[in-house]
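Open the model in your viewer and keep the sequence panel beside it. This tour tells you what to select at each stop and what is there.

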Amino acid sequence: MPRNEENALPLKARFRTFAVARKKLPREAADRATAPARIEALAGHVQADVRAAAASNPGLPKAATTALLTDTEKVRIGLASNPSLSLASAKVLAADPAELVRNALASATNHLSVLERLVHD
């Protein structure tokens with residue numbers, strides 16, 4: 001049975017490789033220098049911390065925000081903290097049931113109508 005390169009590594013080495021990647025991906029997703037296409041790909045990653053970092057990146061393509069609006073609370077907090085969030089997405093998050101999401105939005109948004117909505121929160 002052929003073994004791929006990753007499985008040929010000893011278990012400790014595979015774990016170290018995974019641990020490094022786990023730390024590296026959120027940093028890459030949050031980095032403003034990361035290409036929009038890469039940010040969009042990371043926004044669909046299996047790990048919530050990677051998606052949350054991508055969601056907070058101002059370079060996040062608008063098309064990627066729709067799926068993130070209904071993601072985990074951690075991801076929605078990341079999205080709410082994105083200063084480039086569209087008015088439509090900000091309005092959705094202003095009605096989010098999680099207080100931490102609304103607080104993050106209040107700290108980051110520059111949409112007056114959203115801030116007016118959050119004042120009554």
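Color by secondary structure and read along the sequence: the protein chain follows the pattern α-α-α-α-α-α-α-α-α. That is nine helices and zero strands. Both kinds of element are DSSP runs, numbered from the N terminus: helices are H or I with at least four residues, strands are E with at least two.

This is a predicted model, in which local features need pLDDT of at least 70 and side-chain atom pairs count only at pLDDT 80 or more, while totals for chains, interfaces and linings use all residues. Residues are numbered from 1 along each chain as its sequence is written, and side-chain values use heavy atoms, with hydrogens and water left out.

**Whole chain**

Show the surface. The protein chain exposes about 7500 Å², and carbon and sulfur atoms supply 59% of it. Accessible areas come from the Shrake-Rupley method with a 1.4 Å probe; for residues, only the protein chains shown count as cover. Of the 121 residues, 36% are buried. Buried means under 20% relative accessible area, exposed over 50%, and partly exposed in between (1.4 Å probe, protein chains only).

Now turn to contacts, meaning heavy atoms within 4.5 Å. Take those between residues at least 6 apart in sequence: 38% join residues at least 24 apart.

**H4 against H6**

Select residues 48-56 for helix H4 and residues 73-80 for helix H6. Their axes are 7 Å apart and the packing angle is about 15°. H4 is therefore roughly parallel to H6. Axes are lines fitted to C-alpha atoms, for helices over the stretch in contact, and angles run from 0 to 180 degrees between N-to-C directions. Angles under 35 degrees count as roughly parallel, over 145 as roughly antiparallel, 65 to 115 as roughly perpendicular and the rest as oblique.

The crossing of H4 and H6 is right-handed. A crossing has that label if the near helix is turned clockwise from the far one by less than a right angle, and is left-handed if anticlockwise.

Show side chains. H4 contributes Ala48, Asp49, Arg51, Ala52, Ala55 and Ser56; H6 contributes Lys74, Val75, Gly78 and Leu79. By class, this contact of H4 with H6 has five nonpolar, two polar and three charged residues. Ala, Val, Leu, Ile, Met, Phe, Trp, Tyr, Cys and Pro count as nonpolar, Asp, Glu, Lys and Arg as charged, and the others, Gly among them, as polar.

Go to the loop between H6 and H7 and pick Ser86. Ser86 is partly exposed, at 24% relative accessibility. Beyond its neighbours within four places in sequence, Ser86 is in contact with Lys62 and His111.

Next, select Ser89 in helix H7 (residues 87-94). Is Ser89 buried or exposed? Ser89 is buried, with a relative accessible area of 6%. Outside four places in sequence, Ser89 is in contact with Thr65 and Leu69.

**H8 and Val101**

Pick Val101 in helix H8. Val101 is buried, at 0% relative accessible area. Which residues does Val101 touch, not counting those up to four places away? They are Glu73, Arg76, Ile77, Ala80, Leu93 and Asp96. The C-alpha atoms of Val101 and Arg76 are separated by 6.2 Å.

**H8 against H9**

Finish with H8 (residues 99-108) and H9 (residues 112-119), which pack at about 135° with axes 10 Å apart. H8 is therefore oblique to H9. Their crossing is left-handed. Arg102, Leu105 and Ala106 in H8 meet Val114, Leu115 and Leu118 in H9. That contact holds five nonpolar, no polar and one charged residues.
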